[in-house]
Amino acid sequence: MVQRTIVPFGPQHPVLPEPIHLDLVLEDELVVQAIPSIGYVHRGLEMLAAKKDYHEMVYVAERICGICSAIHGIGYCIAAEALLQVEIPERAARLRVIIGELSRIHSHILWAGLLADGFGFESLFMHSWRVRELILDLLEEATGGRVIFGISKVGGLRRDIDDAQLERMAGKLDLVERECRAITDPLINDSTVKKRTVGVGKLPMEIAHLLGAVGPTARGSGLALDARKLGYGGYDGLKWEPIVETGADCHARSAVRVREITQSFDLIRQTLKAIRPGEVDLKIKPGVNPKGKYAARIEQPRGEVIYYLEGNGTANLQRFRVRTPTFANVAPLVKMLEGCQLADVPVIVLTIDPCISCTER
Amino acid sequence: MTQFIETQEVVAIAREELPARAAQLAKDGWRIVHVACINQGDHLDVIYAFDKGYKLVNYKLTIAKDDPVVPSISATYLAAFAYENELQDLFGMKVEGLVLDFKGKFYRKRHEAPFNPPACAATPPAGKA
Amino acid sequence: MPFFSFAGLVAKAAVSKPPTRLYPFTKREPFAATRGHVVIQMSSCNFCTLCAKKCPTDAIEVDRAGRVWRIDRLKCIQCRACVDACNKKSLTLDPQYSPAMTAHEVESFKGEPLPPKPETPAAAAPAPA
């Protein structure tokens with residue numbers, strides 16, 4: 001007779017970057033059901049819209065999460081600018097693309113290290129964080145901050161990145177790309193890594209669609225969903241296609257992220273060729289307040305994020321609502337964990353790239 | 001560069017029609033994007049957003065504050081359990097027919113319904129002092 | 001080769017010098033644009049309190065009557081809003097990070113006292129009849 005035991009996973013666990021709690025119902029070593037429970041880093045950031053005016057909410061939006069902070073700031077600004085019906089200068093839009101794609105590369109390299117650490121490959125973890133320092137140096141030279149950049153504002157950017165700086169950045173991109181490839185090739189091609197990731201955590205395409213999976217979790221199952229295809233803020237005019245893999249297991253999701261790193265370098269190079277001199281800030285007159293409602297959809301490294309802003313004509317927003325990609329990926333995670341072995345749970349949790357600070361705001 | 005603002009339809013529906021509409025959308029291949037609740041002061045708006053082929057459609061319910069009940073769509077869209085538990089926890093709403101119901105304990109929090117506080121609690125001051 | 005794809009990285013790491021620094025013997029030089037800590041030049045400050053109004057975390061406190069400018073370094077998020085708001089250009093952002101504190105201190109800087117107002121001749125004359 002098989003007996004069921006319940007094993008708590010998290011909130012303190014060596015593989016988790018942020019605390020989430022899962023109650024795993026086990027029969028011997030097989031996971032039968034996983035019940036999530038969140039709320040360990042809930043800060044109630046959405047209520048701060050009542051206290052801070054809409055210009056200052058950029059600082060709050062950037063600090064929702066440390067890994068995806070640049071794109072949170074950019075997404076908030078895109079939503080606020082749509083409510084104000086203003087158009088930012090072209091150079092600002094292109095610089096936002098460069099900062100956003102560098103941030104995406106850094107997030108995927110960080111994830112690669114965490115996944116390797118999840119099954120004990122610590123040397124790859126240490127090397128990937130060494131490569132991440134190269135990218136953070138590029139970003140610190142351009143924007144002034146390593147993790148929180150503070151470069152977006154409603155109306156454009158707070159300061160310009162001049163052409164000499166962009167030339168220096170372009171000169172270093174080849175070196176950084178070679179280092180990134182040296183890290184990610186073992187993650188995809190090495191046979192011992194493949195033994196841990198191929199066939200593990202299967203998410204068939206119809207179930208991924210029904211459960212509302214977003215980002216590489218959905219693209220690894222064959223759904224071609226990428227919010228950058230909407231063509232917002234500097235992305236229309238660039239040549240690229242969403243990266244899709246059909247394996248629907250952990251290996252496919254890892255392959256999507258690895259190929260996205262190469263795609264991001266290509267997008268940065270395309271933008272650097274297309275950028276022109278010009279203004280970077282559209283000064284919003286004091287007294288102009290957002291009115292109406294709009295849901296901006298931006299692609300974060302982890303998937304599609306929705307910034308729903310509602311303004312009522314005053315300087316404080318009526319509602320500031322962020323639906324982050326990991327919140328949408330919780331249901332697919334619960335589905336993927338059914339039927340897996342206990343030792344595969346850390347690997348599966350890490351392949352959705354959990355960013356729990358984003359989930360709980 | 002033209003500013004990109006996508007047109008997003010808002011369709012107002014009654015709360016009784018919601019489960020039937022969700023079942024029809026699932027059959028047509030729409031995917032659930034998010035469920036948001038806005039505290040408008042005297043009533044609550046709940047918005048259910050669905051997407052197909054990069055087109056976003058919002059379905060809006062208007063709920064009075066003294067009768068905060070919505071039917072659940074988690075029988076069709078299992079992913080909605082996370083959003084509907086959030087409605088219960090943060091706004092004090094009651095969702096009927098939830099497949100995975102945490103009964104207000106999905107988020108570990110100290111206060112009851114922090115985004116829609118009961119009448120005796122003080123509202124936060126608007127604007128910076 | 002599927003077994004030794006990591007070998008190249010291992011071999012390079014074994015023979016090259018370590019990528020880490022021997023802190024505190026070698027310190028890292030910050031970039032020119034790094035946002036470290038706020039520095040004020042008291043001689044040009046006119047106590048207009050614009051920086052205190054713009055600060056999103058209320059880290060700056062300006063005492064106009066007593067001519068004192070205070071900053072709480074633990075609240076400051078190095079966002080540069082005060083630097084951009086100051087119209088006398090007396091605030092700058094230095095690249096070095098502020099050092100760790102052992103007790104919560106608020107730094108205050110005292111401005112020079114105002115020069116005494118000169119005697120106006122109209123005040124000394126008697127009022128016209």
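In chain A, helix H4(A) passes helix H5(A) in a left-handed crossing, a label given when the near helix is turned anticlockwise from the far one by less than a right angle, with clockwise being right-handed. The model is a predicted one, in which local features need pLDDT of at least 70 and side-chain atom pairs count only at pLDDT 80 or more, while totals for chains, interfaces and linings use all residues. Residues are numbered from 1 along each chain as its sequence is written, with chains lettered from A and ligands numbered from 1 in the order in which they are written.

H4 spans residues 122–143 and H5 residues 163–189 of chain A; the two pack at an angle of about 165 degrees, and their axes lie 10 Å apart. Helices here are DSSP runs of H or I of at least four residues, and strands are runs of E of at least two, numbered from the N terminus. Axes are lines fitted to C-alpha atoms, for helices over the stretch in contact, and angles run from 0 to 180 degrees between N-to-C directions. H4(A) and H5(A) are therefore roughly antiparallel, the class for angles over 145 degrees. Residues of H4(A) in the contact include A:Leu124, A:Val131 and A:Leu138, and those of H5(A) include A:Met169, A:Val176 and A:Ile183; contact requires C-beta atoms, placed from the backbone, within 7 Å. The residues of this contact divide into twelve nonpolar, three polar and three charged. Nonpolar covers Ala, Val, Leu, Ile, Met, Phe, Trp, Tyr, Cys and Pro; charged covers Asp, Glu, Lys and Arg; the others, Gly among them, are polar.

A second pair in chain A joins H3 (residues 90–118) and H9 (residues 250–274), packed at about 155 degrees with axes 9 Å apart. That angle makes H3(A) roughly antiparallel to H9(A). Here too the crossing of H3(A) past H9(A) is left-handed. Among the residues that meet are A:Ile98, A:Ile105 and A:Trp111 in H3(A) and A:Ile261, A:Leu267 and A:Ile268 in H9(A). Ten nonpolar, four polar and five charged residues make up this contact.

Turning to chain B, two helices and six strands make up its secondary structure, in the order β-α-β-β-β-β-α-β along the sequence. Of its 129 residues, 33% count as buried, that is, with 20 or more other C-beta atoms within 10 Å of their own.

The contact between the chains takes 31 residues from chain B and 40 from chain A. On the chain B side, strand S2 (31–39) and helix H2 (80–91) each supply at least two residues, and S2(B) gives the largest share, six residues. By class, this side has 22 nonpolar, four polar and five charged residues.

Note on methods. Parallel < 35°, antiparallel > 145°, perpendicular 65-115°, else oblique. Contact = placed C-beta atoms within 7 Å. Buried ≥ 20, exposed ≤ 12 C-beta atoms within 10 Å, placed from the backbone.
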